[in-house]
Amino acid sequence: MSTTSSPESAIDRCQPADATPVALEATALESTAPEYLRDLKRELTADGLVPAELTVAACFDEDCSLAT
């Protein structure tokens, strides 16, 4: 088995995207199911948008950090 190394890295091959980053509030999502998130990303990409940030506010029922 042999492996070959490429002289250029993944970052070198990366091209700038012509897309506008958007921030989404977690409460704006209908679901966190993988299918829903894939469809949402596809729709945003079709509109020239990129989900660049997702903001989530969470609280836990337990006060103990080990319990959470």
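What percentage of the 68 residues in the chain is made up of buried residues? In this predicted model, buried residues account for 6% of the 68 residues, and the accessible surface of the chain amounts to about 6,300 Å², with 53% of that area belonging to carbon and sulfur atoms. The chain contains two helices and two strands, which follow one another along the sequence in the pattern α-β-α-β. Among contacts between residues at least 6 apart in sequence, 65% join residues at least 24 apart.

The mean pLDDT is 78, and 75% of the residues reach 70 or more; the lowest confidence is found in helix 1, residues 10-13, with a mean of 68, whereas the highest is found in helix 2, with a mean of 91.

Helix 2 spans residues 34-46 and comprises 13 residues, and the distance from its first C-alpha to its last is 18 Å, close to the 18 Å expected at 1.5 Å a residue. Just after helix 2, Gly48 adopts a positive phi of about 80°.

Within helix 2 lies Leu44, which counts as buried because its relative accessibility of 12% falls under the 20% cut-off. When neighbours within four places in sequence are left aside, the residues in contact with Leu44 are Leu24, Leu49 and Pro51. The C-alpha atom of Leu44 is also separated by 9.1 Å from that of Val22, a residue 22 positions away along the chain.

Side chains of opposite charge can pair when their charged atoms come close. In this model the count comes to one salt bridge, and the side chains of Asp39 and Arg42 meet in a salt bridge with an N to O distance of 2.8 Å. Asp39 and Arg42 are three residues apart in helix 2, and therefore about one helical turn separates them. An α-helix has 3.6 residues a turn, so residues three or four places apart point the same way. The two partners fall into separate accessibility classes: Asp39, at 37% relative accessibility, counts as partly exposed, whereas Arg42, with a relative accessible area of 53%, is exposed, the latter class being set at over 50%.

Taken along helix 2, these assignments place a buried residue, Leu44, in the helix that also holds the partly exposed Asp39 and the exposed Arg42.

Methods. Residues are numbered from 1 along each chain as its sequence is written. Side-chain values use heavy atoms; hydrogens and water are left out. Helices (H or I, at least four residues) and strands (E, at least two) are DSSP runs, numbered from the N terminus. The expected span of a helix is 1.5 Å times one less than its number of residues. Buried means under 20% relative accessible area, exposed over 50%, partly exposed in between (1.4 Å probe, protein chains only). Contact means heavy atoms within 4.5 Å. Accessible areas come from the Shrake-Rupley method with a 1.4 Å probe; for residues, only the protein chains shown count as cover. pLDDT is the predictor's confidence in each residue, from 0 to 100. A salt bridge is a side-chain nitrogen of Lys or Arg within 4 Å of a carboxyl oxygen of Asp or Glu.
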